[in-house]
Amino acid sequence: MARKQFDLIVFDWDGTLMDSTAAIVKCIQASARDLGLPVPAREMAAHVIGLGLQEALQMAAPGLQPPDYPRMVERYRYHYLSQDHELTLFAGVREMLQDLSQQGYFLAVATGKSRVGLTRAMHAAELLSFFDATRCADETFSKPHPAMLHELTRELGQDMARTVMIGDTTHDLQMARNAGAAGIAVHYGAHPPHELQALAPVYAADSVPALHAWLSENG
């Protein structure tokens with residue numbers, strides 16, 4: 001049997017494993033509305049998904065003064081926590097992770113979520129046992145800085161050349177390029193396909209089952 005391309009598969013969370021893009025957009029918009037700021041359009045709110053929370057809100061609400069950042073973060077968390085229990089995984093995620101784990105891949109998460117937020121989401125989705133390591137935006141540099149991937153490969157003793165980052169945003173794919181890892185795009189999340197394709201991913205999936213099938217055949 002031919003050796004596979006990758007040993008470590010790193011997933012983004014929101015918009016890649018969890019169907020949360022629409023909810024995050026609404027929470028960003030509601031937070032701006034609460035503070036009397038111009039409400040960002042759906043495209044702008046979706047563009048900042050994947051960044052660390054404060055960085056995302058700064059970009060989505062450029063009129064916000066620095067002393068008011070904590071207030072907007074608080075409003076965002078209020079809106080998000082009021083409905084995050086309703087969020088679900090994309091169809092096929094659990095089966096894909098179980099299969100990849102059984103095939104012997106190292107699995108990890110690199111996310112713009114906070115550590116508290118990711119732990120809460122992984123517990124709710126009952127996915128903690130599938131992942132060998134995780135990195136969050138409040139622990140290191142935010143995407144597209146390569147730090148998350150550098151730290152994950154060091155922790156797990158893996159080669160960056162045999163690592164792939166899978167995500168739904170240009171932040172994910174640019175991080176992969178910056179780190180020297182391969183990138184896979186998913187077209188069902190926050191950023192439009194043409195923006196993702198401009199970063200030359202090795203594959204682009206229109207669904208989780210398609211991603212699963214490609215990894216099983218080519219990963």
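Predicted model: local features only at pLDDT ≥ 70, side-chain atom pairs only at ≥ 80, totals over all residues.
Which residues does arginine 75 touch, not counting residues up to four places away in sequence?

**Entry 1: arginine 75**

I found arginine 75 in helix α4, which covers residues 69-81. Leaving out residues up to four places away in sequence, arginine 75 touches Ser31, Asp34 and Leu35.

**Entry 2: glutamine 29**

Next I went to helix α1, residues 21-34, where glutamine 29 sits. Is glutamine 29 buried or exposed? I noted a relative accessibility of 17%, so glutamine 29 counts as buried. Setting aside neighbours within four places in sequence, I listed its contacts as Val39, Pro40, Ala41 and Arg42.

**Entry 3: the cysteines**

How many disulfides does a search of the whole structure find? I wrote down zero. Cysteine 27 is in no disulfide, and the nearest cysteine sulfur, in cysteine 136, is 18 Å away. Cysteine 27 is buried, with a relative accessible area of 3%, and cysteine 136 counts as buried at 0% relative accessibility.

**Entry 4: leucine 8**

I turned to strand β1, residues 8-11, and picked out leucine 8. At 0% relative accessibility, leucine 8 counts as buried. Which residues surround leucine 8, if I do not count those up to four places away in sequence? I noted that leucine 8 touches Phe106, Leu107, Ala108, Thr153, Leu156, Gln158, Arg162, Thr163 and Val164. I also looked up a pair: leucine 8 and methionine 160 are 152 residues apart in sequence, yet their C-alpha atoms are 8.5 Å apart in space.

**Entry 5: methionine 18**

Where is methionine 18 found? I located methionine 18 in the loop between β1 and α1. Methionine 18 is buried, and its relative accessible area is 7%. Not counting residues up to four places away in sequence, I saw that methionine 18 touches Trp13, Leu87, Thr88, Leu89, Phe90 and Ala125. For methionine 18 and alanine 91, I recorded a separation of 73 residues in sequence and 9.4 Å in space, C-alpha to C-alpha.

**Entry 6: helices α5 and α10**

My last stop was a pair of helices. Two packed helices are described by the angle between their axes and the distance between the axes, so I looked for those two values. For helix α5 (residues 93-102) and helix α10 (residues 208-218), the angle is about 15° and the axes are 9 Å apart. Since angles under 35 degrees count as roughly parallel, α5 is roughly parallel to α10. I noted too that the crossing of α5 and α10 is left-handed.

Which residues make the contact? From α5 I listed Val93, Glu95, Met96, Asp99 and Leu100, and from α10 I listed Val208, Leu211, His212, Leu215 and Ser216. Sorted by kind, the residues of the contact of α5 with α10 are six nonpolar, two polar and two charged.

Technical notes:
Residues numbered from 1 in each chain as written. Heavy atoms only, no water. Helix = DSSP H or I, 4+ residues; strand = E, 2+ residues; numbered from the N terminus. Buried < 20%, exposed > 50% of the residue type's maximum accessible area, 1.4 Å probe, protein only. Contact = heavy atoms within 4.5 Å. Disulfide = S-S within 2.5 Å. Axes fitted to C-alpha atoms, helices over the stretch in contact; angles between N-to-C directions. Parallel < 35°, antiparallel > 145°, perpendicular 65-115°, else oblique. Left-handed = near helix turned anticlockwise from the far one by under 90°. Nonpolar A, V, L, I, M, F, W, Y, C, P; charged D, E, K, R; others polar.
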